[in-house]
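Good morning, colleagues. Before I comment, please take a moment with the sequence and the structure on the screen.

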Amino acid sequence: MNEIRIPRLGWSMEQGTFLRWLKNHGDTVNKGDALFELEGEKNVQEIESVEAGILHIPKGSPMAGSTVDVGALLGYLLHENESPPDPEIKLLAESNIEKTPKNAGPAARRMAAELGIEIESIAGTGRSGLVTKQDVSLAAEMKQAKVSEGEIKSTLSKQAASPRARRIARENGIDWTSLAGSGRSGRIREIDVRRAIELSGLNSSVKPSGKPAFSGLSPRRRAIAERLRRSQQLTVPVTLHTTADVTELVALRSRFKASSPATTPSYNDLVCALLPHLFKIHPQMAQVWDTAHETLMRVNHEQIHIGIAVDTPDGLLVPTIKNVANRPLSQITAESSRLIALARSGILPGDVMRGGCFTITNLGAFGIDGFTPVINLPEIAILGLGAIRREPVFHDDNSIVSRHRMVLSLTFDHAAVDGAPASAFLRDIALAMADPAAFLLNLSH
């Protein structure tokens with residue numbers, strides 16, 4: 001018998017929305033079959049079965065649209081002629097991870113100890129609630145997302161708190177790190193946070209439904225808001241603007257469009273293809289922060305992953321095009337189109353929104369010129385593309401010509417790189433866009 005539990009789909013995910021079963025009670029399930037649909041922070045995913053068996057959906061199984069905790073028990077996969085557990089599981093009680101003793105292998109425990117993470121504070125997503133190395137890694141990232149850079153060291157020195165206690169504290173504006181825990185080894189439990197809420201006169205903000213005070217926001221919108229706030233807290237953002245002559249870039253795209261309308265690269269695709277060449281000249285711009293946001297890591301040229309900001313009905317998503325330096329322009333265009341389609345249909349896998357080293361965002365379609373993009377952590381810079389406008393330009397002989405021009409907006413983290421190298425990088429982006437053929441000739445086949 002194998003348990004079916006709610007997996008973690010993203011670095012800060014603590015709950016998800018169970019949408020529906022894709023198999024019926026009593027169906028035979030093969031390993032790898034799509035088992036159920038789950039909505040996480042930014043996307044809806046079909047969750048595949050990691051084992052084979054006969055699906056048993058017990059009484060009390062969540063209805064469509066139910067909010068469930070990571071690690072919550074949904075049902076079982078039974079072997080042939082195997083009976084279901086008796087009595088039926090109490091799913092709501094099982095979903096309270098505080099009540100379930102932690103089960104973790106030596107590798108996960110060693111990794112948690114090295115990262116200063118309490119195993120007891122981690123919701124296991126492995127079989128029977130097993131805490132995996134991925135759970136530990138995600139818990140470390142989540143810990144950094146919850147506190148500012150100045151709070152990290154002090155937080156690590158304080159007692160651990162259960163996931164439920166941390167969530168309730170966050171929803172009600174309580175600093176759980178200042179509380180005295182009543183749990184084992186001083187662990188802070190839900191009751192400790194509830195007592196602090198009462199003492200601080202915040203009872204009125206706790207809704208009977210248990211939903212947070214900002215429940216008007218969807219889970220995806222909350223996740224987006226948290227990432228943006230974290231970026232502002234942990235970076236020293238500075239935005240530079242310049243205007244690029246993109247007449248030749250427009251002409252190049254027009255030639256692609258005339259020869260192959262169905263596979264015409266976007267301006268995002270063209271700039272994406274330029275970036276690996278520019279990172280060779282400016283390697284300090286191809287860096288990312290580590291999990292603790294304390295060390296910068298240089299990105300290998302063969303593993304440059306570029307994020308493309310996509311406007312969707314559920315908010316801004318940033319899928320990443322992997323290994324851009326090793327792809328011809330035609331592949332970049334095809335992959336970009338595929339990821340944008342997945343993002344706008346709401347089925348973008350979570351793993352394709354991680355691992356980027358730089359992001360491109362484009363507001364040109366809205367007629368916007370210069371703007372201030374927000375850095376997509378753990379990256380250190382983001383490039384904004386404005387509208388392409390046909391403008392009169394004076395030559396040295398005072399003659400006037402018509403040229404296509406675009407405002408470029410580069411936001412960079414001043415804590416990671418100084419203004420001079422960032423300015424030189426933006427200057428060279430503009431120069432590359434002014435003469436793209438030299439950069440793209442070997443990429444266009």
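**Loops, a sheet and a helix**

I begin with proline 378, which is placed in the loop between strand S18 (358-362) and strand S19 (381-394). Helices (H or I, at least four residues) and strands (E, at least two) are DSSP runs, numbered from the N terminus. The bond joining leucine 377 to proline 378 is a cis peptide bond, with omega at about 5 degrees.

A word on the basis of these remarks. This is a predicted model, in which local features need pLDDT of at least 70 and side-chain atom pairs count only at pLDDT 80 or more, while totals for chains, interfaces and linings use all residues. Residues are numbered from 1 along each chain as its sequence is written, and side-chain values use heavy atoms, with hydrogens and water left out.

Histidine 293, with phi near 55 degrees, belongs to the loop between strand S12 (287-289) and strand S13 (296-298). Is histidine 293 buried or exposed? Histidine 293 counts as buried because its relative accessibility is 3%; the cut-offs are under 20% relative accessible area for buried and over 50% for exposed, with partly exposed in between (1.4 Å probe, protein chains only). Asparagine 398, with phi near 70 degrees, sits in the loop between S19 and strand S20 (400-413). Asparagine 398 is exposed, at a relative accessible area of 61%.

Next, the sheet. Four strands form an open, antiparallel sheet in the order S1-S8-S6-S3, where pairing requires that DSSP find at least two bridges between two strands. Strand S6 (residues 53-56) and strand S8 (residues 73-78) share three bridges in the antiparallel sense; isoleucine 54 has leucine 78 in S8 as its bridge partner.

Finally, helix H10 (residues 329-345). Its 17 residues reach 24 Å from first C-alpha to last, close to the expected 24 Å, that expectation being 1.5 Å times one less than the number of residues. Among the buried residues of H10 are Leu329, Ile332, Glu335 and Leu339. The buried residues pack against several elements, including helix H8 (247-259) and helix H9 (267-281), contact meaning heavy atoms within 4.5 Å. Proline 328 is in the loop between S17 and H10 and counts as buried at 17% relative accessibility. Just after H10, glycine 346 takes a positive phi of about 80 degrees.
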